[in-house]
Amino acid sequence: MEDLVALMARLRADCPWDIKQTNHSLIPYAIEEAYELAEAIQEGDIEDIKGELGDVLLQVIFHCQIYAEQHQFDLADVVFTLQSKLIRRHPHVFEAEQLPDEAAVKQRWDDIKAIETTERERRGKPKRSLDKVKAGSALMQAQSLQKAASKLGFDWDGVSDAIEKLEEEIAELKQILPSDLQLENEKLDEALKLELEKELGDCIFGLVNVARKLNLDAEAATLTCVHKFRSRFGFIEEQLAKQGKTAETSTLQEMDTLWELAKQYE
């Protein structure tokens, strides 16, 4: 582990890409690596799992190195904090406390976390109703936040209200989107890009609301679509290969025809 930390320090000193990274710029990579690890575990390829676990570990090492350079903390501090937390949250293992079953363990875990939350409040971290929502993908967080707010009475009456709000958000997006904008050939003005991002976010959040009102999981629905797209496009490439072609050397019409054909094999 010391060698790995030293290797990361060397990269931060000599690699132009690594040097320019910040804790904020690394956030997308940390999320991406976590998802790739989950996918590798589901597929069961041991070599891929080892590689993806290494990539997740890299993110930890990378962040620790940057914070160490800022004289905030280092990897040893992170490990010590983790060890302390694990011991504190498992009194039935490291102390004389006896807990009869898994339910009791879960309840004790929640009680200890409540104490930790109180300590956070003493450090100036205010307690808010939605703080219990765990981190996750944007879709997962959106749906969890909406569920938590719904329990507090902040919700639409029915799915029709959610759909109406979604349509309102889509209309607002259309209103600020120039009709003659060619995204392939033009760069968005930064101010317009920011506004479009906000409005698009509102549309996605509204769509998640519709999913929730229908008792559907927005993350699962999106993943289903992602897998379907992967499968169909893979079919397109396979069929083109049989013709001695690639996606780059084919027309959109050819690929669209194969896309429709792919649907028939689902």
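Helix 9 (residues 159-176) and helix 10 (residues 190-213) pack at an angle of about 165°, with their axes 9 Å apart. Helix 9 is therefore roughly antiparallel to helix 10 (angles under 35 degrees count as roughly parallel, over 145 as roughly antiparallel, 65 to 115 as roughly perpendicular and the rest as oblique). Axes are lines fitted to C-alpha atoms, for helices over the stretch in contact, and angles run from 0 to 180 degrees between N-to-C directions. Helices (H or I, at least four residues) are DSSP runs numbered from the N terminus. The model is predicted, with pLDDT of at least 70 required for local features and 80 or more for side-chain atom pairs, while totals for chains, interfaces and linings use all residues. Residues are numbered from 1 along each chain as its sequence is written, and side-chain values use heavy atoms, without hydrogens and water.

The crossing of helix 9 and helix 10 is left-handed, a term that applies if the near helix is turned anticlockwise from the far one by less than a right angle. Contact means heavy atoms within 4.5 Å. The residues of helix 9 that meet helix 10 include V159, A162, I163 and L166. Among their counterparts in helix 10 are L192, E195, L196 and E199.

Helix 3 (residues 27-43) has 17 residues and should span 24 Å at 1.5 Å a residue, which agrees with the 25 Å between its end C-alpha atoms; the expected span is 1.5 Å times one less than the number of residues. Within helix 3, E33, L37 and A40 are buried (under 20% relative accessible area, with exposed over 50% and partly exposed in between, for a 1.4 Å probe and protein chains only). These residues cover an arc of only 65° around the axis, which puts them on the same side of helix 3; the arc is that of the directions from the helix axis to the C-beta atoms. An α-helix has 3.6 residues a turn, so residues three or four places apart point the same way. The buried residues of helix 3 pack against helix 4 (46-69), whereas Q42 and E43 are exposed on the other side of helix 3. Just after helix 3, G44 takes a positive phi of about 80°.

Most residues other than glycine have a negative phi. H71, in the loop between helix 4 and helix 5 (75-88), has a positive phi near 60°. At 74% relative accessibility, H71 counts as exposed. N215 also has a positive phi, near 60°, and lies in the loop between helix 10 and helix 11 (218-242). With 72% relative accessibility, N215 counts as exposed.

Notes. Helices (H or I, at least four residues) and strands (E, at least two) are DSSP runs, numbered from the N terminus.
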